[in-house]
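Colleague: I've got the structure up on my screen. Can you walk me through it?

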Amino acid sequence: MQSGKKNRGLSKQSLHSGPNMTPMVDIVMCILIFFMLGTTFASPDLYLTNNTPAVKTGGLNKATGSAKMPATRIDIKLARRGAHTMATIANFQTEDLSGQLAKWLKQKQRKLRSLHNLKMGILIMPGNGVPYQDVITTYQDCTQARFKAVGFAYAH
Amino acid sequence: MVKRGMQPMHDDHVNVTPLIDVVMCLIIFFLVCGQLARGESVKGVHVPIAKHAQDMAIKKHELIVNLVPHKPLDYRDQPTIVVFQQDVLPDKLVQLMRQEKRLDPRTKLVLRADAHLPYKFIAPVLEDATEAGITNVNFMTRR
């Protein structure tokens with residue numbers, strides 16, 4: 001009777017001959033939880049690149065800094081009016097930065113290209129109270145219109 | 001008729017092999033698709049939106065300058081300048097930039113400023129970069 005019971009027990013044990021996976025599963029689960037908590041799915045960092053960052057301007061809007069700008073340039077003045085930022089270029093003025101400026105710049109670039117590819121720089125002259133977002137929007141409009149040299153005035 | 005070959009195994013335990021397969025796949029997914037929080041980025045900065053911004057091809061030689069608003073939703077005071085996880089006084093920033101430029105001539109500035117900050121706080125950083133001879137400036141944005 002007893003020997004029969006022993007045999008049954010042995011035959012059951014022999015079925016679990018593989019490695020014990022429990023510690024591995026524990027560790028793998030820990031690694032998984034670490035990655036889930038430590039990972040951010042925020043969109044990757046994006047940049048707008050500029051090679052003519054700052055141009056010091058004097059009282060007569062004359063660039064005095066070391067940054068190089070083309071001889072001919074467009075000055076875009078940004079000023080805060082209430083909740084909006086207005087852009088002024090010579091006689092042209094926009095009520096906000098919703099798209100008028102981008103359209104104007106693209107038209108200007110088209111004209112310049114027809115005039116023997118005349119290269120023209122842009123100097124963005126934001127007022128002190130203009131939010132950084134509007135400065136970036138203006139800069140993006142300039143780059144989208146394919147203006148290469150775009151500088152920022154830091155005193156005017 | 002007698003069956004030959006191996007006898008089928010009868011295991012009372014749960015087969016964990018598919019579980020490990022799935023978990024391994026998840027780990028690889030997180031490794032590839034996710035990115036660990038970057039050390040240089042400081043919380044509390046909502047960078048501006050730019051639809052046409054691009055990812056930087058080479059993320060080397062970066063000098064990340066964070067402009068963190070002094071208080072949340074208060075943009076009137078001078079923001080805190082954070083570089084290499086340390087607060088930097090506005091007067092000392094140009095010195096730091098010069099030092100970095102001297103150590104690595106290919107240094108490029110990455111400006112990580114809050115979208116709501118007035119330009120009067122941004123301009124001095126650009127001025128400092130020009131003075132330090134850093135002409136490559138990258139504005140960090142989001143879509």
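Colleague: What is the mean pLDDT of chain B?
Modeller: This is a predicted model, and chain B has a mean pLDDT of 82. In that chain, 84% of the residues reach 70 or more.

Colleague: Where in chain B is confidence lowest, and where highest?
Modeller: Lowest in β1(B), with a mean of 60. Highest in helix α2 of chain B, residues 93-103, at 93.

Colleague: And chain A, what is the mean there?
Modeller: The mean pLDDT of chain A is 76, and 70% of its residues reach 70 or more. Among the elements of chain A, helix α1 (residues 2-13) has the lowest mean, 50. Helix α4 of chain A, residues 132-144, has the highest, 91.

Colleague: Which residues of chain A have pLDDT below 50?
Modeller: Residues 1-6 of chain A are one such stretch. Beyond near neighbours in sequence, residues 1-6 make zero contacts in the model. Residues 58-66 of chain A also stay under 50. For residues 58-66 the model has 14 contacts beyond four places in sequence.

Colleague: How many salt bridges across the interface of chain B and chain A?
Modeller: The rule finds zero. For polar contacts, the count between the chains is 10 residue pairs, both residues at pLDDT 80 or more.

Colleague: Now sheets. What is the strand order in the open sheet of seven strands?
Modeller: The order is β2(B)-β2(A)-β7(B)-β6(B)-β3(B)-β4(B)-β5(B), and the pairing is mixed.

Colleague: Why is one side of β2 and of β5 of chain B left without a neighbour in the sheet?
Modeller: β2 and β5 (86-88) of chain B stand at the edges, each with a single partner strand, so one side of each has no neighbour in the sheet.

Colleague: How do β2 of chain A and β2(B) run, parallel or antiparallel?
Modeller: Antiparallel, with two bridges joining strand β2 of chain A (residues 46-50) to β2(B). L46(A) stands opposite D55(B) there.

Colleague: And β3 of chain B with β6(B), parallel or antiparallel?
Modeller: Parallel, over six bridges; β3 of chain B covers residues 62-68. N66(B) has R112(B), in β6(B), as its bridge partner.

Colleague: Back to chain A. Which strands does β4(A) pair with?
Modeller: Strand β7 of chain A (residues 121-126) is one partner: six bridges join it to β4 (residues 73-81), in parallel. I76(A) has I124(A) as its bridge partner in β7(A). Strand β5 of chain A (residues 84-89) is another, antiparallel to β4(A) and joined by five bridges. In that strand, T88(A) stands opposite K77(A).

Colleague: How many residues lie between β4(A) and β5(A) in the hairpin?
Modeller: Two. G82(A) sits in the turn, with a positive phi of about 65 degrees.

Methods
Residues numbered from 1 in each chain as written. Chains lettered and ligands numbered in written order. Predicted model: local features only at pLDDT ≥ 70, side-chain atom pairs only at ≥ 80, totals over all residues. Heavy atoms only, no water. Salt bridge = Lys/Arg side-chain N within 4 Å of Asp/Glu carboxyl O. Polar contact = N/O pair within 3.5 Å; in protein donor to acceptor, adjacent residues only side chain to side chain. Pairing = 2+ DSSP bridges. Helix = DSSP H or I, 4+ residues; strand = E, 2+ residues; numbered from the N terminus. pLDDT = per-residue confidence, 0-100. Contact = heavy atoms within 4.5 Å.
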